[in-house]
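The following questions and answers examine how terms are applied to one protein model.

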Amino acid sequence: MGKLRVGVLASGNGSNLQAIIDSSQAGKIDVEVAVVVSDVADAHALERARRAGIPAVHVPPGRFRTRLTPEAEQRFIEVLEKHGVRVVALAGFMRILHDDFLKRYAGRVLNVHPALLPAFPGLHGQKQALDYGVKWSGATVHFVDAGVDTGPVILQAAVPVMDDDTQETLAARILEQEHRIYPEALGLIAENRIRVDGRLVTSAGENTGARGGGEA
Ligand code: GRF
């Protein structure tokens with residue numbers, strides 16, 4: 001069996017994309033980033049892909065602000081299909097996906113969120129955590145369903161919130177964990193070690209994250 005072909009959708013800086021590329025190119029995970037697609041023409045993520053020799057495609061999102069038009073979404077699907085993508089990883093992708101897309105890739109779309117879901121879904125998870133005054137926050141990798149950040153949790157990592165944290169310092173501490181657990185989650189999927197039973201996601205084998213492993 002070849003490597004798991006992952007398509008990454010990104011709208012911005014693409015540091016999570018970079019972490020996935022680095023892990024895959026270092027041979028740490030059985031993943032190949034097959035294509036990177038962005039709704040933003042000058043997203044740095046596209047530049048990172050090009051530099052790594054990965055096809056980088058801009059697809060205009062259409063006239064909506066937070067969604068893709070159905071036509072744009074079809075175009076995203078076409079590009080992913082053309083590159084033989086099996087799993088889609090959202091990495092700082094700022095558009096909500098419709099049912100059609102999620103049906104096409106049912107159970108095969110992942111996202112990373114900068115908070116310990118179900119706390120602080122939606123935009124600005126770091127600011128929400130600071131405003132609430134929690135002492136711990138973190139990062140979540142989850143499957144994407146039709147809601148906003150509501151899908152089954154795959155891996156999480158916690159970080160402390162410091163009294164003098166700003167959004168930037170907290171975001172940086174959380175990003176470090178995102179960069180660790182996102183490639184790890186994709187690696188588990190590539191090795192077919194993820195089981196989903198309703199909301200409960202378990203990972204079998206030694207290389208597990210928060211659940212500690214051991215359950216064969
Ligand atoms: C990350 O904090 C991610 O959790 C959120 O958007 C940010 C993307 O960062 N969804 P990057 O583009 O991967 O650097």
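Q: How many residue pairs are in polar contact across the interface of domain 1 and domain 2, and what makes a pair count?
A: In this predicted model, the rule finds 3 residue pairs in polar contact across that interface, with both residues at pLDDT 80 or more. A pair counts because its N or O atoms lie within 3.5 Å, one able to donate a hydrogen and the other to accept it.

Q: Where do domain 1 and domain 2 lie in the chain, and how far apart are their centres?
A: The domain assignment places domain 1 at 1-106 and domain 2 at 112-208. Their C-alpha centres are 19 Å apart. The contact involves 17 residues from domain 1 and 14 residues from domain 2.

Q: Which elements supply the side of domain 1 that touches domain 2?
A: Strand 1 (4-9), helix 1 (15-25), strand 4 (87-90) and helix 4 (99-104) each supply at least two residues. Helix 1 gives the most, with 5 residues. By class, the residues of this side divide into 12 nonpolar, 3 polar and 2 charged.

Q: Why is the pair of Arg 95 and Asp 39 called a salt bridge?
A: The side chains of Arg 95 and Asp 39 meet at 3.0 Å, N to O. The cut-off is 4 Å between a side-chain nitrogen of Lys or Arg and a carboxyl oxygen of Asp or Glu, so the pair qualifies. Arg 95 lies in the loop between strand 4 and helix 4, and Asp 39 in the loop between strand 2 (31-38) and helix 2 (44-51), so the pair ties together parts that are 56 residues apart in sequence. The rule gives a count of 11 salt bridges, with 0 across the interface of domain 1 and domain 2.

Q: What makes the bond between Leu 117 and Pro 118, and the phi of Phe 120, worth noting?
A: Most residues other than glycine have a negative phi, and most peptide bonds are trans. A cis peptide bond joins Leu 117 and Pro 118, with omega about 10 degrees. Phe 120 has a positive phi, near 55 degrees. Pro 118 lies in the loop between strand 5 (109-113) and helix 5 (125-132), and Phe 120 lies in the loop between strand 5 and helix 5.

Note on methods. Residues are numbered from 1 along each chain as its sequence is written. This is a predicted model: local features need pLDDT of at least 70, side-chain atom pairs count only at pLDDT 80 or more; totals for chains, interfaces and linings use all residues. Side-chain values use heavy atoms; hydrogens and water are left out. Domain bounds come from an automatic or database domain assignment. Contact means heavy atoms within 4.5 Å. A polar contact is a pair of N or O atoms within 3.5 Å; within protein, one must be able to donate a hydrogen and the other to accept it, and residues adjacent in sequence count only if both atoms are side-chain atoms. Helices (H or I, at least four residues) and strands (E, at least two) are DSSP runs, numbered from the N terminus. Ala, Val, Leu, Ile, Met, Phe, Trp, Tyr, Cys and Pro count as nonpolar, Asp, Glu, Lys and Arg as charged, and the others, Gly among them, as polar.
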